[in-house]
Amino acid sequence: MLTQSTALMWLLLFSGGFAVASVLYTRRKRGSLEDYIVARNSQGAFGTILTLMASTLGAWILFSPAQAATWGGLAAVIGYALGSMSPRLVMIPLGRRMRELIPHGHTLTEFLMARYGRPMYGLALFIMLFYLFIALSAEVTAIAKLVTMLAPVPLWATAAIVMGTTLLYTTYGGLRSSIFTDQVQMMVIVPLLVILCVVGWQAAGGALPTIEALQARAPQLLDLTDPVGVKAGLTFFVAILLTGIFHQGNWQRIYAAKDARSMRNGFLLGGILAAPFIFLMGLFGLAFVGLAPQGDSSIALFSVIMPHAPAWFVIALIPLGLSLVMSTADTAISAVSSIVAVDMRRLMPNANGMDMKRLARWAVLLLAIPVMIVASQGYSVLYLFLLADLLCSAAAFPVFYGLFSRKHDGVTATTATVAGLAAGLFFFPAPGDKPTFLLESFLLAAFVPVLVTVLMRLTRRGIREFDFSTLSAAVRRLDKDAV
């Protein structure tokens, strides 16, 4: 354990270092609102790989995969890892299609408005913003809890430091700043995760003692055909896949890639390379059950490691946690900024780029207030996360089918989404209830819209075919005036 003053010193040192480096990097690169929002065609495949890996590997990987393994076993861990990889792979054809139809695009919401009209746009916009808020709150809560395990630092203090430094560089430099810090943070994340695995391996005594203990205490956790584990793995896969394709941070990086090839390679390898880390973190949950089955499963990884961790490794957990959190938090903050700047432009057509930047900055500063309040309470946001996943699951097919079908319209998309929400929420567990039918809830939310779309296509007459060429004309470049 560290003293409070020592932990605060390291927190300020590492988080401030990331912020200062990012501000210095972007000081000479700030330009138009266009560049602030998407940094269009600026990243090669390697840069895209790094920023996507950093955006994927949040602080949640230190908690959630291991906790899932304690009740879902190896099958749940595999589903978690594959689910985390899957949005990157699915976004390759979606991103290629979006770049073809809207070469000057910025946000998914632009496509929603131009393709479907206001009702579907409003519904999907709420879903996207709700998910970003929950994701940001969960990340800041995770780092606050991590630091509390290392030293007696109040949750609010950690939340304020992390949010303050992340907001500093992200609101200053926009997406370029987020991508730059992602690349720097990956140089911290990868070696420290490798060290964590080595320390954890030594703490568990290797694989054989863990396997023998599990076979004696909970053999079902090693069984890939165990119904509980298989169901958990499928639930994680479906939920993470259909949620990830709605994250505006991913759509920003679709346009930030230098070309279609860089985008494809970046998303492919960015997804594939992140999955093994999530899988390895999940294995600590199995070691926890084998070594200390009566402990708190929410901190399974740390229960295995901390009793045997040297002092230097305890300190190293702070930059690791900060890198994981800040890389995902700045992605969410930049995503919200882009949505505010682009969507408010329709309401303020005469505003210049500086006005829209200022508006976007104020919007994320206001968002930071409830995020820090939630994080300072240490609440579990798992239930809200699952609810956000359900909302995304219901909207996924209705939204993205319109990228390819000319006869898919706003009425059909909105009706199908609402039907999916109604079906999914019917089986969705109430707060505090066991998630007995969680997988069924997600599957209904995902597939009922498909059925409704088919039925409406067969029964509605006179649906006008959509002209995809109008999308490019409807979405124009933002102004190019410098700050």
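**Close-up views of a predicted model**

**View 1. A cluster of aromatic rings.** Ring pairs tie Trp 60, Trp 71, Tyr 80 and Phe 236 together into a cluster. Keep in mind that this is a predicted model. Searching the whole structure turns up 16 aromatic pairs. Take Trp 71 and Phe 236: their ring centres are 6.2 Å apart and the planes make an angle of 55 degrees, so this pair counts as tilted. The pair links distant parts of the chain, with Trp 71 in helix H4 (residues 64-101) and Phe 236 in helix H9 (residues 227-244), 165 residues apart. Trp 71 is partly exposed at a relative accessible area of 46%, while Phe 236 counts as buried at 17%.

View 2. Phe 466 and Phe 468 make an edge-to-face aromatic pair, 5.7 Å from centre to centre and with 70 degrees between the planes. Both Phe 466 and Phe 468 are buried. Over the ring of Phe 468 you'll find the charged end of Arg 97, at 5.0 Å from the centre.

View 3. Ser 178 belongs to helix H7 (residues 155-204). Is Ser 178 buried or exposed? With a relative accessible area of 0%, Ser 178 is buried. Its side chain has a polar contact of 3.2 Å with the side chain of Arg 253, and another polar contact, at 2.9 Å, joins the side chains of Ser 178 and Asp 330. Set aside the neighbours within four places in sequence, and the residues in contact with Ser 178 are Arg 253, Asp 330 and Thr 331.

**View 4. Thr 141 in helix H6.** Here we look at Thr 141, which sits in helix H6 (residues 118-150). Thr 141 has a relative accessible area of 4%, so it goes down as buried. Which residues is Thr 141 in contact with, leaving aside its neighbours within four places in sequence? They are Val 374, Ala 375, Gly 378 and Tyr 379.

**View 5. Helix H3 crossing helix H11.** The axes of helix H3 (residues 45-56) and helix H11 (residues 260-291) come within 8 Å and cross at roughly 40 degrees. The crossing of H3 past H11 is right-handed. On the H3 side, the residues that meet H11 are Ala 45, Thr 48, Ile 49, Leu 52, Met 53 and Thr 56. Their counterparts in H11 include Ser 262, Asn 265, Gly 266, Phe 267 and Leu 269. Also on the H11 side of this meeting are Gly 270, Leu 273, Ala 274, Phe 277 and Ile 278.

**View 6. Thr 107 in a loop.** Thr 107 is found in the loop between H4 and helix H5 (108-116). The side chains of Thr 107 and Thr 109 are joined by a polar contact of 2.7 Å. Not counting residues up to four places away in sequence, Thr 107 touches Gln 248, Ser 338, Ile 339, Val 342 and Asp 343. For a sense of scale, Val 448 is 341 residues from Thr 107 in sequence, and the two are 27 Å apart in space, C-alpha to C-alpha.

How values were computed. Residues are numbered from 1 along each chain as its sequence is written. This is a predicted model: local features need pLDDT of at least 70, side-chain atom pairs count only at pLDDT 80 or more; totals for chains, interfaces and linings use all residues. Side-chain values use heavy atoms; hydrogens and water are left out. Helices (H or I, at least four residues) and strands (E, at least two) are DSSP runs, numbered from the N terminus. Buried means under 20% relative accessible area, exposed over 50%, partly exposed in between (1.4 Å probe, protein chains only). A polar contact is a pair of N or O atoms within 3.5 Å; within protein, one must be able to donate a hydrogen and the other to accept it, and residues adjacent in sequence count only if both atoms are side-chain atoms. Contact means heavy atoms within 4.5 Å. Rings of Phe, Tyr and Trp (its six-membered ring) pair if their centres lie within 6.5 Å; planes under 30 degrees apart count as stacked, over 60 as edge-to-face and the rest as tilted. A charge sits over a ring if NZ of Lys or CZ of Arg is within 6 Å of the ring centre and within 35 degrees of the ring normal. Axes are lines fitted to C-alpha atoms, for helices over the stretch in contact, and angles run from 0 to 180 degrees between N-to-C directions. A crossing is left-handed if the near helix is turned anticlockwise from the far one by less than a right angle, and right-handed if clockwise.
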